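Welcome! Please take a moment to look over the sequence and the 3D view below, and then we can walk through them together.

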Amino acid sequence: MDSRWFKEDRQLPKEERAKAKAETEKVLKNSTLMSRLLKGIIEDEIEGTYRVEEDINNPAYERAVIAAASRRKAFKDIIKLLP
């Protein structure tokens, strides 16, 4: 699990950090439904970026392909962050 999920917990006093981190991890692991749904939505968006590459008659085809690749990368980075 990415450490950025625990950024707020690290700002707590030392004696409270371990408990807060464990609680945060528990909540994140129990929110699998939301994570799974969000991951599915993002994967659908990734599939949509491939459709852009099929439209070779677009006058701005090269730009569209570059933009689609950038969106794909961003979506994949977001998926990596999900618990």
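Contact here means heavy atoms within 4.5 Å. This is a predicted model, where local features need pLDDT of at least 70, side-chain atom pairs count only at pLDDT 80 or more, and totals for chains, interfaces and linings use all residues. Residues are numbered from 1 along each chain as its sequence is written, and side-chain values use heavy atoms, with hydrogens and water left out.

A nonpolar core is a set of buried Ala, Val, Leu, Ile, Met, Phe, Trp, Tyr and Cys residues joined through side-chain atoms within 4.5 Å. Buried means under 20% relative accessible area, exposed over 50%, and partly exposed in between (1.4 Å probe, protein chains only). The largest such core has 5 residues, namely I42, I46, F75, I79 and L82. Helices α3 (32–52) and α4 (61–81) each supply at least two residues of this core; helices (H or I, at least four residues) are DSSP runs numbered from the N terminus. In soluble globular proteins, nonpolar side chains tend to be buried together.

Which residues does I79 contact, leaving aside its neighbours within four places in sequence? They are K39, I42, E43 and I46. R72, in helix α4, counts as buried because its relative accessibility is 10%. Beyond residues up to four places away in sequence, R72 touches I46, T49, Y50 and E53.

Now for helix α3, which holds R36, L38 and D44.

| Residue | Relative accessible area | Class |
|---|---|---|
| R36 | 55% | exposed |
| L38 | 32% | partly exposed |
| D44 | 55% | exposed |

A salt bridge is a side-chain nitrogen of Lys or Arg within 4 Å of a carboxyl oxygen of Asp or Glu.

Finally, visit D9 in helix α1 (residues 7–10). D9 is buried yet has no salt bridge, and the nearest side chain of opposite charge, R10, is 7.7 Å away. Leaving aside neighbours within four places in sequence, D9 is in contact with R17, A20, K21 and T24.

Note on methods. Lys and Arg count as positive and Asp and Glu as negative; His and the chain ends are not counted.
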